[in-house]
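Please keep the sequence and the coordinates in view while reading.

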Amino acid sequence: MSTYGTFPGARPRRLRTTPAMRRMVAETRLHPAELILPAFVREGIGEPVPISAMPGVVQHTRDTLRKAAVEAREAGVAGIMLFGVPEDDKKDAAGTAGTDPDGILQVAIRDVKAEVGDELVIMSDLCLDEYTDHGHCGVLDSEGRVDNDATLERYAEMAQVQADAGVHVVGPSGMMDGQVGVIRDALDQTGHEDVSVLAYTAKYASAFYGPFREAVGSSLQGDRKTYQQDPANVRESLRELSLDLAEGADMVMVKPALPYLDILAKVAESVDVPVAAYQISGEYAMVEAAAANGWIDRDRAIMETLTGIKRAGANMILTYWATEVARQL
Ligand code: PBG
């Protein structure tokens with residue numbers, strides 16, 4: 001590189017001079033086909049219920065969920081991840097509503113399937129916390145601890161009912177050891193060899209899940225630190241990754257997204273399966289809250305977070321802004 005007197009010989013700013021120039025040299029581009037919309041559907045409501053900690057996101061009725069699915073498809077979104085919210089009196093210690101063929105999630109899967117068929121990838125949260133009265137992702141033993149292997153049996157049943165309802169992809173989010181393998185077996189043994197498993201591979205015990213509790217009407221007793229990962233750890237994620245792949249994960253996910261971009265980058269460079277990242281409720285809430293106060297430019301902040309997640313290595317991004325962003329792209 002030459003220099004002329006005190007002036008720089010290399011001028012990176014040349015490639016930033018016009019919008020057309022910047023667009024041409026952009027290394028990362030977002031596309032609607034990599035966005036997945038997480039959506040909540042609540043049993044027994046006549047109107048959608050706003051989630052106060054997630055302005056713009058609602059608990060859908062069965063009817064508005066169908067509409068949201070159609071809108072997502074029309075915007076070119078890749079898929080929809082469904083979360084069921086049962087009526088309060090249907091929550092119990094075992095999370096029975098999660099395995100009821102007529103439970104809200106199963107009904108919602110059938111609704112969305114009837115509406116959009118295979119034109120959206122239909123995914124479902126495979127976890128018990130939406131259905132348990134104690135709010136944990138599994139069943140408890142006599143001392144109140146989350147019982148790993150008893151929970152796996154419940155997950156196997158959930159996999160079957162969700163697959164029977166027509167889901168394309170199940171997303172086990174409970175962080176029980178062995179969950180991917182047990183779910184894969186359950187699917188294969190019930191004739192659902194074609195249903196994929198999106199493994200929540202690196203799922204951290206995060207403060208940013210806060211608004212999700214309101215979204216699924218869950219009041220958690222205690223915390224999830226005995227099953228979700230410690231935010232301090234990296235190698236633990238790589239271990240979880242090896243296990244999930246060995247157990248048959250078709251795709252892997254890192255969650256939350258923004259505070260864990262280093263994990264996402266490491267996972268993305270070490271696998272040969274698609275990698276997803278979940279921009280979670282608290283990440284959404286932070287941007288919306290700051291924007292509502294006039295502290296940041298909402299639209300730019302949304303695009304910047306999504307671009308950062310993609311740049312770090314995500315092939316797919318779950319984001320509550322999926323439909324809105326897809327329309328802009
Ligand atoms: C567990 C589950 C959670 C989320 C997705 N699946 C909550 C948790 O692990 O505590 C969080 C999603 C979000 O915060 O947007 N069923």
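Two strands are said to pair if DSSP finds at least two bridges between them. In this predicted model, strand β1 (residues 35–42) meets that condition with β4 (residues 79–85), the two running in the parallel sense over 7 bridges. Within this pairing, Ala39 has Leu82 of β4 as its bridge partner. Strand β1 also pairs in the parallel sense with β10 (residues 316–318) over 2 bridges, where Leu35 stands opposite Ile317. A further parallel pairing, again over 2 bridges, joins β1 to β3 (residues 58–60), and there Val41 faces His60.

Strand β1 is mostly covered, with 8 of its 8 residues buried. One side carries Leu35, Leu37, Ala39 and Val41, the other Ile36, Pro38, Phe40 and Arg42.

The largest nonpolar core comprises 98 residues, and Ile36, Ile80, Leu82 and Ile183 have the most contacts inside it. Helix α4 (residues 148–164) supplies the largest share of this core, 7 residues. Beyond its neighbours within four places in sequence, Leu82 is in contact with residues including Ala39, Val41, Met123 and Asp125.

Asp125 is also one of the residues around the ligand, among them Cys127, Asp129, Tyr209 and Arg224. This shell divides into 5 nonpolar, 2 polar and 3 charged residues.

An unreviewed UniProt entry lists Glu240 under "binding site". Glu240 is found in helix α7 (residues 235–246). Is Glu240 buried or exposed? Glu240 counts as buried because 22 other C-beta atoms lie within 10 Å, the threshold being 20 or more. Apart from neighbours within four places in sequence, Glu240 is in contact with Thr201 and Ala202.

Technical notes. Residues are numbered from 1 along each chain as its sequence is written. This is a predicted model: local features need pLDDT of at least 70, side-chain atom pairs count only at pLDDT 80 or more; totals for chains, interfaces and linings use all residues. A nonpolar core is a set of buried Ala, Val, Leu, Ile, Met, Phe, Trp, Tyr and Cys residues joined through C-beta atoms within 7 Å. A residue is buried if 20 or more other C-beta atoms lie within 10 Å of its own, exposed if 12 or fewer, and partly exposed in between; C-beta atoms are placed from the backbone. Helices (H or I, at least four residues) and strands (E, at least two) are DSSP runs, numbered from the N terminus. Two residues are in contact if their C-beta atoms, placed from the backbone, lie within 7 Å. A residue is near a molecule or strand if its C-beta atom, placed from the backbone, lies within 6 Å of it. Ala, Val, Leu, Ile, Met, Phe, Trp, Tyr, Cys and Pro count as nonpolar, Asp, Glu, Lys and Arg as charged, and the others, Gly among them, as polar. UniProt positions are given in the numbering used here, feature names are shortened, and annotations may be inferred rather than shown by experiment.
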